[in-house]
Amino acid sequence: MNLSMKWLHDYVDIKTEMHDFSEAMTMSGSKVESFGSAGDEIQKVVVGKILSVEKHPDADKLVICSVDVAESEPIQIVTGATNVFEGALVPVALDGSLLPGGKKIKKGKLRGVVSNGMLCSLGELSLCKNDFPYAIEDGIFIIEEECRPGQDIRELTGLDDTVVEFEITPNRPDCLSVLGLAREVAVTYNKKLTMPDAGVEGGEGKTSDFVNAVVHDPKLCTRYTARAVRNVKIGPSPLWMRQRLRSAGVRPINNIVDITNFVMLEYGQPMHAFDYRFINGGTINVRTAHAGETITTLDGVKRALDEKMLVIADNEKPVAVAGVMGGEYSGIMNDTNTIVFESAMFDPTSVRLTAKRLGMRTEASSRYEKGLDAQNTVPALDRACRLVELLNAGDVCGEYIDVDNSDSTPRTVPFDADWINRFLGTDIDRQFMIDALRRLDFKVENDVVTVPSYRADVEQKPDIAEEVARIYGYNAIPTTMLGGAATRGGLTPAQQFNKSVSQTLLALGYTEVTTYTFISPKYYDKIRMPSDSPLRNSVKILNPLGEDTGIMRTTTLPSMLETLARNYSNRNLAARLFEIGTVYMPKGKGELPLELSKIALGSYGGGEDFYKIKGDVEELFETFGVNTDLCEYKACGDDPSFHPGRCAAILFNGIVVGTIGEIHPEVQANYGIDTRVYAAVIDLAMLMQNAVSERHYTPLPKYPSTARDIAVTCDDAIPVMELEKAMKSAAGKVIEKIELFDVYRGRQIAEGKKSVAFSVVMRAADRTLTDDEADSAVSKVLKALEALGATLRS
Amino acid sequence: MKQQLEAIRNAAEKELASVKLPAELENLRVKYLGKKGELTAILKQMGGLPASERPAIGVLANEARTFIEDHIAQCGAALKEHETESKLSNEKLDVTVPGDRHKIGSRHPLTIVLDQIKDIFIGMGFNIAQGPEVEFVEYNFDALNTPQNHPARDPQDTFYIEDNILLRTQTSPVQIRVMKSQKPPIRIIAPGRVYRSDAIDGTHSPLFHQIEGLVIDKGITMADLKGTLDGFAKSIYGEDAVLRFRPHHFPFTEPSCEMDTRCFVCHGKGCRLCKGEGWIELLGAGMVHPNVLRNCGIDPDEYSGFAFGMGLERLVMRSFGIDDMRLLYENDLRFLSQF
């Protein structure tokens, strides 16, 4: 909402520096976004009086003017304009002046004759014919206002004004008007608010002699008021009104249209003026449109209406879309004789949806959307008609139409000063509160506050507290530390676990990334997800920004690969990244999806290989005490995202909790990465479930261990894990650990075989093992290996 | 014989003086003291001496032996010392060559600042609450006292999944979930991802992070709100941060406010960072609206409380001087490794 300071001064008498004004209004609840003057673009342009006009000696189309600009002597200006004459008052851009658009005027010579500036047209001052209807557009602006040579042109055009831009929050639609803001200013500065003259006198005739109004749907139109004006004289509105409209960015049109716009800005109430000639049958019907009806709106566009849209119709057809825009042919024309002003209250949601369906958000519709005050319709109508009288623009009829279905019972809220102080933590004087509320137009009597009709936002005690607090000043409220029952703050075990996982991965050299949780369905194709995979069933966004962000991901793998690919294409030679990200598993209509956290690891370059990423995952598991006996890596050749020979499902206790492997070369190519990529995805909750949260100390061994190295040859296809399992179960408790230290294929080993070497560490808790005991354990181990076809290498 | 001993002694002394290697020293030891050594050879001749001469020669012979042994020992020690010295000097390293590093990863800047904020509030007795990102319209809007015609509900601003399910536009629905499931006293913050239909550019993202806060108890006042948030802001921006609370509007709080900090670049004069205002908006807050309390089954006559919410991205960008929000989601290592 833009507010002209000049306009404001019509209602509140304040003198203030703009920075102080901005600060004071912001702190009392009307936030000032910025302030400035539209006239800043115009510098050193003054009124000049042409003393003489002479022909240019060397140019037929130029004349030399001697102009009085109230300097010690007249200045000489050369112009090509043909409408200048002796005695004319004109705008003069002096040497070194500035015009809108950053244009600078300097003195110079035109065909050898010195010109000390420029005479300006309307356009050069960013004005149009509507601002000064008597002027012509293709010539110098000949001023017919009362003015004197040397006067700043901005005073004449109203551009010597400061315009303040306010941020108006949705709870205060009443402040989308000059009067609403003036009231806030008056309260902030403790000044009197002078209301505009709305004392319409009226004359002969009744509005009902011309039209009657029938509201067919009182829910959508809670109040409809109208007043007729006869013998309308269409013409320009006075300069002051044109200036006010300009300051609000509204183009002046003619007196009647300008009055409707002026009152809308002043009272916040949209107004409409119909030409009585075009209200067929003299009946104004407020009804929803019939299927198939159309209207050509003021902007000349023919629009199809539907049964949900509220229209103003005569007996035949719609003449306006209620609260949005009038019809083209029923508008004000130069020969208009009788008009009907409309000031009505329409349902905010209905207007919003209608404007949206028609694709035309207007000044009026955006005001209705925010919710207006039905009780403001008559004062606005009165003011408009009073302006007609003041401007001598027609004869206002003696009475008006008012179809009132609104609830005009004022709202009351209990007033409890002690409660307000307890709630705010303040010690504000009761009388201060009452005074502040009264200045805000609230009535306070017998501990009851009566709320003005335009303050629909004030309903309960805290709303009253807010009014008091903002006038008292938020910064005057003390700052206290929380008292009351203490709460024990901290992270939950799950939050702590999440944090520890991050810390471990950081220590392992993985950098944390944050990716978008919505993805394109094409991402699933990129990772070669089978077309019948249940993971393709994703939560879909009905109104996505674009297809790229159309669904909620069911896997974090594509996000990780996308991030790796971006790093690769940015020429980062190697990368190790992790994300603890969310996936969204749909559960069915009307239900929220399951949101699960997944740990995703990804890497490429810098000597990364399958065993490196696997080692990191093992390290992660060990950090959290996952029981290695229950953790299994099962070769997995059928995950299409991964290399069929270099992928494992990770199982805890037989349940799959994740996948690890080298990315399939085709997937790699889909992401444009020209080097091997490794990734792992692990379910965070499952990891936490299998983590040991409490550690118990195991006494350090008292007796030495015995180690024996064993090397066997076996079929290449036998996984090392199977050999280890067999060895452990064969020798029992005496085995402390078995460590693989070599796997060899090649010379001296038959085709299809491999040599595998383990170090077997044995220990007893209560004694030093004898050689015999160790030998016997080893021979059991060897027997078990033989059963798998693994024979001791000689 | 006496002369012979004297000669051996002198010869040994002379030869030892020029020894350079441990092997040479060993050769000399064998030459003089060994079983077939020169001194041994002389001692073997002792038997041929008259008995009267034997003790005197014996003393001389022992003296000669001790003399040679001592010299060999001295020489050995000197050699060893020299050897250690030369070994160490050969092992000299250029200590200015960079070390071998085990690279650790970097935390994402969003996490760094979020962790800092969590620590501050945990210190004030807050817990961390979480809620789903795919949320019911009821929790995201209705229960938060948002009017049916509020523009935030518009599909132009909000992503919908179904008529009654959306991607949460704020972390405020976590307030509702906490109040419905937990009895006061409540002190929580709820950080998380939120979604709004904004095209991606330098200062906007359809996905960003908010941190919600909620305190509910008997006798909580607006002064408590100010004290808590003042304390928080000073923990982040330093004790000398200048703050102001100005009136604002949110459907779910009453009274509502926004907290600004005086611009730390221009100190209030107005600059590019604060867009000439001299103040930077930090967060929105307010006393929890009685309708919201009632919607959650909490009696507003018995309990009161305050809530606040702030955007994490903007805090992070200011903390590190990041000028483009997209960097936070592009995850380029050249960017991430700076933190």
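Visitor: What should I know about the model and the numbering before we start?
Guide: The model is predicted, so local features need pLDDT of at least 70 and side-chain atom pairs count only at pLDDT 80 or more, while totals for chains, interfaces and linings use all residues. Residues are numbered from 1 along each chain as its sequence is written, chains are lettered from A and ligands numbered from 1 in the order in which they are written, and side-chain values use heavy atoms, with hydrogens and water left out.

Visitor: Helices, then. At what angle do α6 and α9 of chain A cross?
Guide: Helix α6 (residues 255-267) and helix α9 (residues 377-390) of chain A cross at roughly 140 degrees, and their axes come within 10 Å. Axes are lines fitted to C-alpha atoms, for helices over the stretch in contact, and angles run from 0 to 180 degrees between N-to-C directions. Helices (H or I, at least four residues) and strands (E, at least two) are DSSP runs, numbered from the N terminus.

Visitor: What does that angle make α6(A) relative to α9(A)?
Guide: It makes α6(A) oblique to α9(A). Angles under 35 degrees count as roughly parallel, over 145 as roughly antiparallel, 65 to 115 as roughly perpendicular and the rest as oblique.

Visitor: Which residues of α6(A) and α9(A) meet?
Guide: From α6(A) they are Ile256(A), Ile259(A), Phe262(A), Val263(A), Glu266(A) and Tyr267(A). They meet Pro379(A), Ala380(A), Arg383(A), Ala384(A), Leu387(A) and Val388(A) in α9(A), where contact means heavy atoms within 4.5 Å.

Visitor: How does the contact of α6(A) with α9(A) divide by class?
Guide: There are 10 nonpolar, no polar and 2 charged residues. Ala, Val, Leu, Ile, Met, Phe, Trp, Tyr, Cys and Pro count as nonpolar, Asp, Glu, Lys and Arg as charged, and the others, Gly among them, as polar.

Visitor: And α2 with α4 in chain A, at what angle do they cross?
Guide: Helix α2 (residues 18-27) and helix α4 (residues 178-188) of chain A cross at roughly 95 degrees, with axes that come within 10 Å. That makes α2(A) roughly perpendicular to α4(A). Phe21(A), Ala24(A) and Met25(A) of α2(A) make the contact with Glu184(A), Val185(A) and Thr188(A) of α4(A). By class, this contact of α2(A) with α4(A) has 4 nonpolar, 1 polar and 1 charged residues.

Visitor: Chain B now. How do α1 and α4 of chain B cross?
Guide: The axes of α1 (residues 2-17) and α4 (residues 54-90) of chain B come within 10 Å and cross at roughly 5 degrees, which makes α1(B) roughly parallel to α4(B). The residues of the contact of α1(B) with α4(B) divide into 12 nonpolar, 1 polar and 4 charged. Among them are Leu5(B), Ile8(B) and Arg9(B) in α1(B), and Ile57(B), Phe67(B) and His71(B) in α4(B).

Visitor: Which domains does the assignment give for chain B?
Guide: Domain 1 (2-90) and domain 2 (109-336); the bounds come from an automatic or database domain assignment. The centres of domain 1 and domain 2 of chain B, taken over C-alpha atoms, are separated by 92 Å.

Visitor: Which bond to Pro185(B) is cis?
Guide: The peptide bond that joins Pro184(B) and Pro185(B), with omega about 5 degrees. Pro185(B) is in the loop between α7 (173-181) and β5 (186-195) of chain B. The peptide bond from Glu254(B) to Pro255(B) is also cis, with omega near -5 degrees, and Pro255(B) lies in strand β8 (residues 253-262) of chain B.

Visitor: What about phi at Asp441(A)?
Guide: Asp441(A) is not a glycine, yet has a positive phi of about 80 degrees. Most residues other than glycine have a negative phi, and most peptide bonds are trans. Asp441(A) is in the loop between α11 (430-439) and β25 (443-445) of chain A. Asp447(A), not a glycine either, has a positive phi of about 60 degrees.

Visitor: Is Arg455(A) buried or exposed?
Guide: Arg455(A) counts as buried, at 1% relative accessibility. Buried means under 20% relative accessible area, exposed over 50%, partly exposed in between (1.4 Å probe, protein chains only). Not counting residues up to four places away in sequence, Arg455(A) touches residues including Arg172(A), Asp174(A) and Glu467(A).
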